[in-house]
Amino acid sequence: MSADPGHGVPPRSGDSAVDGDQPQRPEDRRETRTWSSALNRSAESNVAFWTLVVGTPTAFSILRLWVEAGGELQTTLLLVSNVGPLNLVAALFATVTKPVTIALVALFAVGAMLRVTAEHAPEGDRLREHPPLAARIAGMAPGWLIVSVFFLAVLTWEIFYLPLLLPAAVATLQVPPWRMYDRRLVTPAACAAALALYYWLVGPAVLDAWQGDEKVIAVLLALPPLVAFGIAGPLPVPFARGFVVAAQAGILWLIIQVGLQAVSAPILPVVVTEVRTAEGSVPLRGHVVNVNDIHTVILQEHGGVQYVANGAVESMVLCGTPQEIPTFATRVRDYHVEDSLLSALGRHLRPRMEIDPICRVSHLPPPRPLRPDADASPQPTATAPPPPAPSAEPQAPPSPTPSGPSPAPP
Amino acid sequence: MRQLATEGTSRPSRRRTALTAVSATLMLVLVGAVACTQDAKPDETVESLRAGSPTLRDKTRWRIVVRHSLPLLGEQDKRTGEYKGFDIEIAKAVAAELGFDESKIDWVRFSTNDERLTLLQNGTADMTVATLSITDEREKLVDFAGPYLLVPQAVLLSKRRTKTLDTIADLRAKNVRVCALIGSTSAKALETKGIVPEHVNNHDKCMDGMRSGRYDAYSTDLTILLGFLSNKADFDTFEISDLAIADTVERIGIGLPNNDENLRKLVSYILERWRTGPKENSPWLRAYDRTIGPLLDLKYRSQPLVDNPPRLADYDSKVPRQ
């Protein structure tokens, strides 16, 4: 990595730039000591780090089971006994990768900006003497971690977030795009070509978004590459003092969001199970916790667990949730902006999607108590624990009317 | 590299740091914009319209007014009791998209044409798919989604009379008896051409009258006449004339209870999605090809433009279009 000579970005400790034979200035030596000691501390806390890496997902997994169970102890224990730890961690990885990478990318970008600002602050300035926490943490991050996080971000972020990775990467590297290489004519030309290619790629989507009253999407697609050209380099010190507070508060907010998402993201898919009852077929919307020889155990979306005799189960359908319905309609080259690259590629692999009619009408709470058809279910149905009272009086389904001629009205 | 390190500590220009500050501010604004999109909700979704529709809300079964004696359009099999035809296929597909599979549909029959509207008005039915033309007068009584079919008016003649009744003027003759349904578009079109039809209240009466020789001509939608001609005996006896009795085509739509704008939008959205979606998945084309398509000219094999279709978000809104 080369530094930008015009903007005076010093290399990190350990870079060859500070290992040369030129005598170091006192401030450089102090800086080297600071970063070396930080690295030493990092090595010493290696065990603690890996304990955290393994322990945090486990702890979050237990917490999210608690939330998923609706706060009921018995239901939590039922989930614990039926959800495999590997599935739990895999589900956690699938749902939390995006928020975690958002928080880390923000940390790396802000940290690098603050680090370089601190290094260029005047002697004796508080910013220089006590670099902000984000700068110190980001400075300790190994290169492989930064690359991995950006790679995961490219795969898992929504497409309309992706342009933000350009200025974030430039801020993290602290190298302006046109100074990536020393050949001063070639690199700006490559930058111009890349920019032209980018706008060719997203240009129609920007226009669509603007005309379709989705201006925020238009701005988020169009502006970030331009921001990338100006973001490398130190900030003015007076500006940096305010920026430190705002940016670090933002990162803290992001970390809290990650935590919340980690404990509230669903673990099991939403399934609508049609159960044959004495009153007719009733759809149960929820998560199938377990299927054994006798019962299908369903954690209902509205709360409570239903043990349904297998003989009374007529059908099961996988359904979406309202949270999955996109807010925007813009597409970049037929890739929906709210899809991640991974999701979009998957959709192009299997483009058809059927919405089963039962998913539409299954939002109604089922009648209570649910009485599966006696002929179909020799085993009694247990309801444990009793579900919370519904907000509205549940409606018993009307007696089934055979498809056929209805009497003509008078 | 040593040179870079030395240069690295040099103080950047004021202009350069100002540019960085502007860029950093812009970046914060962009991140803020992203944060705002997290709480944004789509303006209208299929689910929100469903929840806001008084007709759909809390419904577990769906009542549809259909024809029961029109071959190829809406006909009940006398042996099995099963309903079939183009309108039936369209009704089933719309109901399925609304959340009601075939087992949750109650077919509602009617005896006079006006009942297609009154059954919706008095709450006996939730939807009418029964070759109901969209007209200004009917728009005041019920809501319409569509059109889902454009059909011209046509005249059915006995093969023995095609040579003697080959102009509009021939139909005006006093000894020529023309049958049309009360209040139908055909009846009005005939009257504007100076032809006085005999009014009846259902298609079977016209067709029976044609068979018995009571009527010389019978005017109605082309698709309805084609349906009757699917009967071998009628096909051998009658034929459809080239006479243009109306200057415009009929816009056949789906009738819905008045003042339920959410339901109208939903059904319009469903029809528009079929029209703009992949042809191989189009329930409209499937219904057309299975029923009236083989008998109609190729120019009718495209779903008509839908009036005022809304832009709605749904579970499948991210699915690739191409």
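**Close-up 1. Helix 12 of chain A crosses helix 2 of chain B in a left-handed way.** Left-handed here means that the near helix is turned anticlockwise from the far one by less than a right angle, with clockwise counting as right-handed. This is a predicted model, where local features need pLDDT of at least 70, side-chain atom pairs count only at pLDDT 80 or more, and totals for chains, interfaces and linings use all residues. On the chain A side, A:Phe239, A:Phe243 and A:Trp253 make the contact (heavy atoms within 4.5 Å), and they meet B:Ala21, B:Ala24, B:Thr25, B:Leu28 and B:Ala35. Nonpolar covers Ala, Val, Leu, Ile, Met, Phe, Trp, Tyr, Cys and Pro, charged covers Asp, Glu, Lys and Arg, and the others, Gly among them, are polar.

**Close-up 2. Helix 4 packs against helix 6 within chain A.** The axes of helix 4 (residues 85-120) and helix 6 (residues 133-140) sit 7 Å apart at about 110 degrees, which makes the pair roughly perpendicular. Helix 4 brings A:Leu107, A:Phe108, A:Gly111, A:Ala112, A:Leu114 and A:Arg115 to the contact, while helix 6 supplies A:Ala134, A:Ala135, A:Ile137 and A:Ala138. The tally is eight nonpolar, one polar and one charged.

**Close-up 3. Helix 3 of chain A has a buried side and a face turned away from it.** Buried means under 20% relative accessible area and exposed over 50%, with partly exposed in between (1.4 Å probe, protein chains only). In helix 3 (residues 73-82), A:Thr75, A:Thr76, A:Leu78 and A:Leu79 are buried. Looking down the axis, these buried residues fall within an arc of 160 degrees, so they line one face of the helix. Turned away from that side are the exposed A:Leu73, A:Gln74 and A:Ser81.

**Close-up 4. A:Ile159 sits in the loop between helix 7 (143-156) and helix 8 (165-173) of chain A.** A:Ile159 is buried, at 9% relative accessible area. Leaving out residues up to four places away in sequence, A:Ile159 touches A:Val332, A:Tyr335, A:His336, A:Val337, A:Asp339, A:Ser340, A:Leu341 and A:Ala344. A:Val332 lies 173 residues from A:Ile159 in sequence, but their C-alpha atoms are 8.2 Å apart.

Residues are numbered from 1 along each chain as its sequence is written, and side-chain values use heavy atoms, leaving out hydrogens and water.

Key:
Chains are lettered from A and ligands numbered from 1 in the order in which they are written. Helices (H or I, at least four residues) and strands (E, at least two) are DSSP runs, numbered from the N terminus. The arc is that of the directions from the helix axis to the C-beta atoms. Axes are lines fitted to C-alpha atoms, for helices over the stretch in contact, and angles run from 0 to 180 degrees between N-to-C directions. Angles under 35 degrees count as roughly parallel, over 145 as roughly antiparallel, 65 to 115 as roughly perpendicular and the rest as oblique.
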